[in-house]
Amino acid sequence: MLDWTIYISFAGMLLMVFIPKRNLSVVRGLALLITLAGLAIALNAFLHFDPAAGVVPIRKVAWIPTLGANFFIAVDGISITLVLLTGIAAVAGVLFSWNIEHRAKEYFAFYLALIGGVYGVFLSFDVFLLFVFYELPIIPQYFLIAIWGSTRKEYGAMKLAIYSFVGSAMVLIGLIAAYVIAGGKTFDLFQLAQFPFSERFQYWAFPLVFVGFGILAGLWPFHTWAPTGHVAAPTAASMLLAGVVMKLGAYGALRVAMTLFPLGLQAWRHEIAVLATIGVVYGGLVALVQRDFKFVIGYSSVSHMGFVLLGLMTLTTIGLSGAVLQMFSHGVLAGLLFGVVGRMVYDRTHTRDLSQLEAMNLGQALPFAALIFVLAGLASMGMPGFSGFVAEFQVLIGAWRMYPTLAVICGAGIIIAVAYTLRAIHRSFFSNEPPAANVHALPPITIPERVGSIMLIACSLIVGLYPRLLLDIINPSWDSTLMSRLLIR
């Protein structure tokens, strides 16, 4: 049943073709219905998922028999968590796009195509199928930014596309090499993972594939597409880009690179852990000096994704689980932050310059936006009671066991996060400047925006107060035959 998240997303994209362009209510309603259906399927599967079952096959049929490629859809605790995140982010993105009027039909068609590709990546256990789904979101993401974006939108869209295709080319070279060396008979992840690739081969194949995926995850120094793309993208595209698309890179690095090439992982894990730590600190320091509100959130995403990559390199249950939990937490919170900045603030004030926003004192003009941004900001910087605290704490515990020096440096990264978050809150919403006379005339926050905001902040709060809700699903995944050999006992 979970594979229907893929089918209905692409079906919704096709249905958009038959809707009259001027019928905006039907276009929006269909987009919301499709994403709600995907969320309902994901939530039902999550609530009924048995963590002890390991990897649960859903559908496996021959797809390209001459290559040994199958349409192999399955799920484990890692992928079901990220599928649930995708469903939540998809619904929130539609709610924050309720104001779209320019070419709305095309906008939501591209949006649903992107969502369908994301679902496909998280559910694919055939590496060729996973790669195909991994490529699909690049095209709709490009057009969403290039047509409906702002602030050098063509440049941001092209930079994202080029970086994505370069990373994909690196991944494809590594996968083809692995496929040929393994006998050229199958792309099945389980069978390829059991093949004894030589240490010499894994020494170059692992960094090639890991970095290829890591580019989309914001791995330093290949991260520069991320802030540019976030700033150029329309609100919902920013929410998806930070919320789920960056997770595709981290997921691919874990599911494919680390699983297929464990000897290469052992050879390169220290270097990657250092790069991840640099990303945490560098992203935070650059966010601290930004004047553009959206760039603050963009660089903070690079910093928080550094925690994900560092957690993966710990190769401990607590660190790996923390990395997956951080994917979920950052997906929810980054999406919410971009929703507030892009839709609630920028679309009303037509500026993201913190010095100009400081003069508006938006805490009085947009109190709901101020409240949500404060809550999301506190959650993002690791306030206890929210999901970010639990996720980053687990990553730091895992890092302390393997890389104590890097754990201390990342701890400093959290302090930097506190600084840039409080700076952004103060300058945008709670400055001492008296608001301009026309600021109080800003349009009020709409009901869809309020619903989307409450949904996202509630997800972070629920997971923060009761992290077992996700950890009881994620933790048993490391005991499966596919993942257990990664762990350092």
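**Burial and overall form**

I looked up burial first: 64% of the 489 residues of the chain count as buried (under 20% relative accessible area; exposed is over 50%, partly exposed in between, with a 1.4 Å probe and protein chains only). The model is predicted, so local features need pLDDT of at least 70 and side-chain atom pairs count only at pLDDT 80 or more, while totals for chains, interfaces and linings use all residues. Residues are numbered from 1 along each chain as its sequence is written, and side-chain values use heavy atoms, with hydrogens and water left out.

Next I noted the secondary structure: 21 helices and two strands (DSSP runs numbered from the N terminus, helices being H or I of at least four residues and strands E of at least two). The radius of gyration is 21 Å, close to the 23 Å of the globule rule for 489 residues, so the chain is as compact as a globular protein of that length. That radius is taken over C-alpha atoms, and the rule is 2.2 Å times the number of residues to the power 0.38. Along the principal axes, the C-alpha atoms fill a box of roughly 70 × 55 × 40 Å.

I then checked contacts (heavy atoms within 4.5 Å). Among those with a separation of 6 or more, 82% come from residues 24 or more positions apart.

I listed what M258 contacts beyond its neighbours within four places in sequence: F206, F210, A253, L265, L312, M313, L315, L320 and L486. In soluble globular proteins, nonpolar side chains tend to be buried together.

**Helix α3**

Helix α3 covers residues 77-95, 19 residues in all. From first C-alpha to last I read 28 Å, close to the 27 Å expected at 1.5 Å a residue (1.5 Å times one less than the number of residues). Why is α3 largely enclosed by the rest of the structure? 19 of its 19 residues are buried. D76 caps its N-terminal end, with a side-chain oxygen 3.2 Å from the backbone nitrogen of I78.

**Salt bridges**

I counted eight salt bridges (a side-chain nitrogen of Lys or Arg within 4 Å of a carboxyl oxygen of Asp or Glu).

D188 and K60 pair at 2.9 Å, N to O. D188 sits in the loop between α7 (153-181) and α8 (189-194), K60 in strand β1 (residues 56-64), 128 residues apart. D188 is buried at 3% relative accessibility, whereas K60 is partly exposed at 44%.

E106 and R103 form another, with the closest N and O atoms 4.0 Å apart. E106 is partly exposed at 22%, as is R103 at 40%.

E449 and R343 come to 2.7 Å between their closest N and O atoms. This pair joins helix α20 to helix α14 (residues 317-349), 106 residues apart. Both E449 and R343 are buried. Shared partners join R343, R348 and E449 into one network of salt bridges.

I went back to E449 for its surroundings. Helix α20 runs over residues 447-465. The relative accessible area of E449 is 1%. Leaving aside neighbours within four places in sequence, E449 contacts L95, F96, R343, M344 and R348.

Notes. Polar contact = N/O pair within 3.5 Å; in protein donor to acceptor, adjacent residues only side chain to side chain.
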